[in-house]
Amino acid sequence: MSSSLPKQARVVIIGGGIVGCSVAYHLTKIGWKDVVVLERKTIASGTTWAAAGLVSQMRQNRQMTNLAKYATELYANLEAETGVATGYVDAGSIIVCQTDARRHEWLRIATMAKSNGIDVHEISLKEALDLAPGMSDKDLVSAFYVPKDGQTNPEDTTQSLIKGARNGGAVVFENTKVTDIKIKNGIICGVQTDSGDIECEYVVNCAGMWGRYIGQMANVSVPMHAAEHMHAVTMPIAGMKKVFPSIRDFDGYTYFKSEGGAILFGGFEPVAKPWGMKGIPDNFQHTQLQEDWDQFEIFVDCAFKRFPDIQNAEMRHLEVVPESFTPDTAFMIGEAPLVKNFFMACGMNSVGIASAAGVGRAVAQWMEQGYTDEELWPVDVRRYFPWQQNTKYVHDRSVEAVGVLYHKHYPNRQKTTARPVILSPVHDRLAALGACFSQIAGWERADWFAPEGVEPKHEYDWVRPNWFKYQAKEHMAIREGVGMYDLTSMGKYIVQGRDAKETLQYLCSNDIDKPVGKVVYTPMLNERGGFECDVTVSRIEDNKYFIVTAAGTVIHDLDHMVRRFPSEKHVTITDVTHGYAMLAVMGPKSRDLLCELTDEDLSNKAFAFATSKEINISYARPLTMRMSYVGELGWELYIPTNFAAKVFDAIVETGKKYGLKLVGMQAVNSLRMETGFRHWESDITPSETPFEAGLGFGVKIDKTDFIGRDTLISQLEIGLKQKLVMFTLNDPEPMLYSNESVWRDGEWVGEITSGAYGHFLGCAVGMAYIARPDKTTVDDEWILGGSYEIEVEGRKISAKVHIKSPYDPDNKRMKM
């Protein structure tokens, strides 16, 4: 290791665990030479050394799966490159299912795996026992095999990565503690350490469970909290194979790994034990915590059942170490919001060994070219909000976050800890009227409404969850009558200044230079023509605009805009999300209802679609927009927060005459799916363009220049290689959620981006980008000329393709 701390470097990587070493390795592989790694103690001495070494590819989403898949490729070949053995073996893995629900989950995962080039297939229980002698199939209903999953030695793999980085020019300083981060004009300019200062252009936070404290040095929210994580190793067991596939018994919360004739086993308990509430000791290095056999008992119970020989085996030791977990049990990567050149790669949730390779590659790529080649929103640090670094919040959520890795990953599965956080001003009223709440970005939102006598509680199922029939009634109320939903959680900004119009024209692909009172739907694109933001822009004064975005993207979108505001322009942006409630009144009878509450003329002529104005309702004057995300006539009321409860009461009281029904987010989602409205993150991402997404009406090529314009012009000339279309299943029973494979004439052409049950249509509805297998351009004739099937839980189901939405394809109803 190097001994003389440099005065300057291009990049400083904080943390010498497997993630930091992977970032260093991948930066040097793309030609970065001036790379410095700072480790507070010694390489891999924090938590990396204690990992079990499982390299499992399948994760909770496509993005994390692709990152983990890369590890099986890199680790298998790393020794040949660096000369340092990693201990990697292609041992494979077996997932055992104790319940039918778990089997349904893994049938769906197997379909997603196929789309990502990973072999996951169901095997017989006899085949499972043949692969793992000594395992019991008692109480099992099914098993799945992943042949290319691996096992590796965590410390050796880390040393191999850092050897490769040093071969590429990186330098490493152990026993060097970072004490501060230096920022000038919002840009990284250096770090302060206990051995001296280093000026630098970039800093990467790879500090593991110290990552939250590193983030605080730059006033960046890096929410995570440590919890005790434990595994035991037996002494060698007679007849046990030295290497067998790792076994994951999710229903028993436990994993098993071969350990040279012994068995290593541990897991992810549903009620975890937080650690480090008073901070992490300065002398923490290869540190083990006190054994806790009571906490470990849940894994022993599963071990005795799954591998009966463990009952008579001597235990070599029980290893208890802390590991950091994030509120949503997904790690954090990417450039920090509002701090240029400060990158994250931490919060690994005990999957750091499997994910480090992909994370290192992605962060290096992001730093080099300003973006990654694949969309990574589920792990983007900008999904988090400043309040989420609250110590009580991350502590309370960590109790549940550990077990999330092994619970049943039902659609719409809700966290139950660290709630509630943010309440809309009508929350108590919704609760009193039967709301069952879901949470996003800390907001409690009515998910569905339970009728009198029914407990408002989620009961999950892959086919028909308990809210299905109640959601259907809410859905049909908006289709046939009138409904109201609370979307106070929507992000809201005010952009103003004498250069506001010019600035937004450059950021937006649509033309926002419209008269006061006009509402414009517009994407904000990146240089590659992909969606960065999906917003509506309302001109409320000549130099003042009201922008609305999704609840979960408030920080992401704010960061995107602020970074692109020219410093010489007179323009400001203010986040006013908490200043306004939003109540949406939708359905064919919405005009009749609202006309009784206001003296404003709500006729088409006086209040046209895509316009806004302040109107009188109750004692308030909400900014009222004639827009719709559910495909029906309706208005969105943006009400100053302190006035919202009274407006809500007035609408509910008057609504009794019209059969007003309160509507939750489940119905809003199924309504938007029937109507074909896209959702950022699922259906439109930084990787897709408006033309591919069928949202070309949100692009005005001939207006002034805007970000992404040149790419879109080129795409128009060359043609589309993929296009978003819609599908309805010809069978009314199966459900579509996401990642189901799409087959055209027997060939794989894409996967579902999002899906829901269309209660008006009477079948599941899904969206998917489809592309020709030969990668040539697609057109409507080719799309409509094929026969389609959607693969659901291993079964191919006949489907009908739609270029436009299957419900009201020309969007006439919301413009009535």
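Buried means under 20% relative accessible area, exposed means over 50%, and partly exposed lies in between (1.4 Å probe, protein chains only). This is a predicted model, in which local features need pLDDT of at least 70, side-chain atom pairs count only at pLDDT 80 or more, and totals for chains, interfaces and linings use all residues. Residues are numbered from 1 along each chain as its sequence is written, and side-chain values use heavy atoms, with hydrogens and water left out.

**View 1. R813 pairs with E632 in a salt bridge.** A salt bridge is a side-chain nitrogen of Lys or Arg within 4 Å of a carboxyl oxygen of Asp or Glu. Here the N to O distance is 2.8 Å. The two residues are 181 residues apart and link distant parts of the chain. R813 sits in the segment after β37 (795-802). E632 sits in the loop between β29 (623-625) and β30 (634-640). Helices (H or I, at least four residues) and strands (E, at least two) are DSSP runs, numbered from the N terminus. R813 counts as partly exposed because its relative accessibility is 26%. E632 is buried, at 0%.

**View 2. R108 and E740 form a salt bridge.** Side chains of opposite charge can pair when their charged atoms come close. The closest N and O atoms of R108 and E740 are 2.7 Å apart. R108 belongs to helix α3 (residues 100-115), and E740 to the loop between β32 (723-729) and β33 (741-744). They lie 632 residues apart in the chain. Both R108 and E740 are buried.

**View 3. R621 meets E614 in a salt bridge.** The N to O distance is 3.7 Å. R621 is partly exposed, at 42% relative accessibility. E614 is also partly exposed, with a relative accessible area of 45%. The whole structure holds 45 salt bridges.

**View 4. T193 is buried in strand β10.** The strand covers residues 187-193. T193 counts as buried because its relative accessible area is 7%. Its side chain reaches the backbone nitrogen of S195 at 2.9 Å. The side chain of T193 also reaches the backbone oxygen of G196, at 2.6 Å. Beyond its neighbours within four places in sequence, T193 is in contact (heavy atoms within 4.5 Å) with L5, L38, T176, K177, V178 and T179.

**View 5. D139 and H286 each have a positive phi.** Most residues other than glycine have a negative phi, and most peptide bonds are trans. Phi of D139 is near 70°. D139 lies in the loop between α4 (125-131) and β6 (142-146). D139 is partly exposed, at 33%. Phi of H286 is about 50°. H286 lies in the loop between β15 (262-267) and α7 (293-306). H286 is partly exposed, at 35%.

**View 6. A cis peptide bond joins R419 to P420.** Omega is near -5°. P420 lies in the loop between α9 (391-404) and α10 (427-432).

Technical notes: A polar contact is a pair of N or O atoms within 3.5 Å; within protein, one must be able to donate a hydrogen and the other to accept it, and residues adjacent in sequence count only if both atoms are side-chain atoms.
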